Amino acid sequence: MAVSHQYPEDLDPRVEALVTEVIGRVADKWTMIVLEVLTEHGELRFSRLAQLAEGISQKMLTQTLRQMERDGLVIRTVHPVIPPKVEYRLTDLGFTLSEAFCGVWVWAAHNVDRITEARRSFDGRSRD
């Protein structure tokens, strides 16, 4: 079953480049996890975000948040207190990306058994 996408012939090449770049970033494990955590918990301090995004290093969380901020997906708020208080929250753009990503979770929920069976079948053939 082929799916036809109706793209204009004069599609701006910047759109194609952006889609390729954004897919690469969102497909990144940590961006997806940070997106999920901020969607579920709202505005969070860096340390709390690190706790909820289990397994991420401080360096990787910093890099991920900086790139997400650069792309307009998160807002970083620095409160002028001692010690400094820095919080992160999704922008409207970040929320729309989160909504789009939600479709992947729904797809996975509907297809987990089919994928498990396909993997089992493939792995069985690979041993022969």
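**View 1. Thr 64 and its contacts in the predicted model.** In this predicted model, Thr 64 touches Trp 30, Thr 31 and Val 34, leaving out residues up to four places away in sequence. Thr 64 is found in helix α4, which spans residues 58–70. Relative accessibility is 5% for Thr 64, so the residue counts as buried, the cut-off being under 20%. A polar atom of the Thr 64 side chain lies 2.8 Å from the backbone oxygen of Met 60.

**View 2. The largest nonpolar core.** This core holds 20 residues. Val 34, Leu 35, Leu 38, Leu 49, Leu 61, Leu 65 and Met 68 touch the most other members. At least two residues come from each of α2, α3 (46–52), α4, β3 and α5. Helix α2 gives the most, with five residues. With neighbours within four places in sequence set aside, Leu 65 is in contact with Val 34, Phe 46, Leu 49, Val 74 and Tyr 88.

**View 3. Phe 101 in helix α5.** Helix α5 covers residues 92–126 and contains Phe 101. The relative accessible area of Phe 101 is 10%; the residue is therefore buried, since the limit is under 20%. Beyond residues up to four places away in sequence, Phe 101 touches Met 32 and Leu 35. Phe 101 and Leu 35 are 66 residues apart in sequence. In space, their C-alpha atoms are 9.1 Å apart.

**View 4. The three-stranded sheet.** The sheet is open, with strand order β1-β3-β2 and antiparallel pairing. β1 (44–45) and β2 (74–79) are the edge strands, and each pairs on one side only. Strand β3 covers residues 85–90. Two bridges join β1 to β3, and these strands run antiparallel. Leu 44 stands opposite Tyr 88 in β3.

**View 5. Helix α2 across the sheet.** Helix α2 comprises residues 29–41 and lies across β1, β2 and β3. The helix runs at about 95° to β3.

**View 6. Glu 87 on strand β3.** Glu 87 has its place in strand β3. Is Glu 87 buried or exposed? Its relative accessibility is 13%, and because buried means under 20%, Glu 87 counts as buried. The side chains of Glu 87 and His 79 are joined by a polar contact of 2.8 Å. Leaving out residues up to four places away in sequence, Glu 87 touches Glu 43, Leu 44, Arg 45, Ile 75, Arg 76, Thr 77 and His 79.

**View 7. The whole chain and its confidence.** The protein chain has five helices and three strands. Along the sequence, the pattern is α-α-β-α-α-β-β-α. Of its 128 residues, 23% count as buried. Among contacts between residues at least 6 apart in sequence, 46% join residues at least 24 apart. The mean pLDDT of the chain is 86, and 90% of its residues reach 70 or more. Confidence is lowest in helix α1 (residues 13–26), at a mean of 72. Confidence is highest in β1, at 97.

Notes:
Residues are numbered from 1 along each chain as its sequence is written. This is a predicted model: local features need pLDDT of at least 70, side-chain atom pairs count only at pLDDT 80 or more; totals for chains, interfaces and linings use all residues. Side-chain values use heavy atoms; hydrogens and water are left out. Two strands pair if DSSP finds at least two bridges between them. Helices (H or I, at least four residues) and strands (E, at least two) are DSSP runs, numbered from the N terminus. Contact means heavy atoms within 4.5 Å. Axes are lines fitted to C-alpha atoms, for helices over the stretch in contact, and angles run from 0 to 180 degrees between N-to-C directions. pLDDT is the predictor's confidence in each residue, from 0 to 100. Buried means under 20% relative accessible area, exposed over 50%, partly exposed in between (1.4 Å probe, protein chains only). A polar contact is a pair of N or O atoms within 3.5 Å; within protein, one must be able to donate a hydrogen and the other to accept it, and residues adjacent in sequence count only if both atoms are side-chain atoms. A nonpolar core is a set of buried Ala, Val, Leu, Ile, Met, Phe, Trp, Tyr and Cys residues joined through side-chain atoms within 4.5 Å.
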